[in-house]
Amino acid sequence: MSASLKPLTLEDFLAWEALQPEKYEFDGIQPVAMTGTSVAHARLVARLIVALASRLPRRCEAFANDLKVVSANRVRYPDVTVVCGATQPRDDSVQPVIVIEVLSPSTALADKRVKSHDYRNVTSIEAYVILDQEEPNATVMRRAAEWREEPVNGLGEVLDLAEVGVAIPLAELYR
């Protein structure tokens, strides 16, 4: 006789996660523990938050990786989200306009392939940005009739987040 494990539903996961002291993402089947990060990763996220905070219009706010984004039966904790409009102080999930992930060696494949697909399913997201942890390179994926990819490479380039009227020189993030 064999036992089969039933995949968790999104509702089951959210109820379970609310009781956990650590953060977990949900891949649609099971919880995935959030791991630690490197100094380079944390530095880039911090610089990005500072750059966004000083440039965003009043109706928008940038958050680091503590808020969930729920998409098509999955839960993600992006490195940075930009939310425009009202938020409730007790909410632990958001409907962002922009999602930003910083590539780590252990998450690069998921960030590029799996999360890209997940974020496309969130109707509020207009742009998904992937930043290289080590080099001044970014990929911006923008919602249009078809999602389009725009590479931004080199210290002399600017990360243009037209969706919120913000432009950040890569040199500022990778100084």
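Residues are numbered from 1 along each chain as its sequence is written, and side-chain values use heavy atoms, with hydrogens and water left out. As the model is a predicted one, local features need pLDDT of at least 70 and side-chain atom pairs count only at pLDDT 80 or more, whereas totals for chains, interfaces and linings use all residues.

The secondary structure of the protein chain comprises 4 helices and 12 strands, these being DSSP runs numbered from the N terminus (helices, H or I, of at least four residues; strands, E, of at least two). The radius of gyration of the chain is 17 Å, close to the 16 Å that the globule rule gives for 175 residues, so the chain is as compact as a globular protein of that length; the radius is taken over C-alpha atoms, and the rule is 2.2 Å times the number of residues to the power 0.38. Along the principal axes, the C-alpha atoms fill a box of roughly 65 × 35 × 35 Å. Of the 175 residues, 41% are buried, where buried means under 20% relative accessible area, exposed over 50% and partly exposed in between, for a 1.4 Å probe and protein chains only. Among contacts (heavy atoms within 4.5 Å) between residues at least 6 apart in sequence, 48% join residues at least 24 apart.

Leucine 10, in helix α1 (residues 10–17), is buried with a relative accessible area of 13%, and, not counting residues up to four places away in sequence, touches Phe26, Val70, Asn73 and Val75. Isoleucine 49 belongs to helix α2 (residues 39–53) and, with the same exclusion of residues up to four places away, touches Ala62, Phe63, Ala64 and Val80. Leucine 10 and isoleucine 49 are separated by 39 residues in sequence and by 29 Å in space, C-alpha to C-alpha, while isoleucine 49 and glutamate 22 are 27 residues apart in sequence and 23 Å apart in space, again C-alpha to C-alpha.

The loop between β4 (69–71) and β5 (74–76) holds alanine 72, and asparagine 73 is found in that loop as well. Alanine 72 has a phi near 35°, a positive value in a residue other than glycine, and is exposed, with a relative accessible area of 52%. Asparagine 73 likewise has a positive phi, of about 70°, although it is not a glycine, but counts as partly exposed at 35% relative accessibility.

Polar contacts were defined as pairs of N or O atoms within 3.5 Å; within protein, one atom must be able to donate a hydrogen and the other to accept it, and residues adjacent in sequence count only if both atoms are side-chain atoms. Aspartate 118, placed in helix α3, counts as buried at 2% relative accessibility, and its side chain makes a polar contact of 2.8 Å with the side chain of arginine 76. Leaving aside neighbours within four places in sequence, aspartate 118 is in contact with Ser71, Arg74 and Arg76. Glutamine 133, in the loop between β8 and β9, counts as buried at 10% relative accessibility. A polar contact of 2.3 Å joins the side chains of glutamine 133 and serine 38, and a polar atom of the glutamine 133 side chain lies 2.9 Å from the backbone oxygen of leucine 103. Beyond four places in sequence, the residues touched by glutamine 133 include Ala40, His41, Leu44, Pro105 and Tyr174.

Pockets were located on a 1 Å grid over the protein atoms alone, as open sets of points where a 1.4 Å probe fits, with protein on both sides within 12 Å along at least five of seven lines; lining residues have an atom within 4 Å of a point. Points are joined across faces, edges and corners, and a volume is the space filled by probe spheres set on them. The largest pocket holds about 450 Å³ of space; of its 24 lining residues, Met34, Thr35, Gly36, Ser104 and Thr107 are the closest to its centre. β2 (31–33), β7 (98–102) and α3 (108–120) each supply at least two residues of this lining. The second largest pocket holds about 150 Å³, and its lining includes Leu103, Lys112, Asp132 and Glu149. β9 gives the most to this second lining, with 4 residues.
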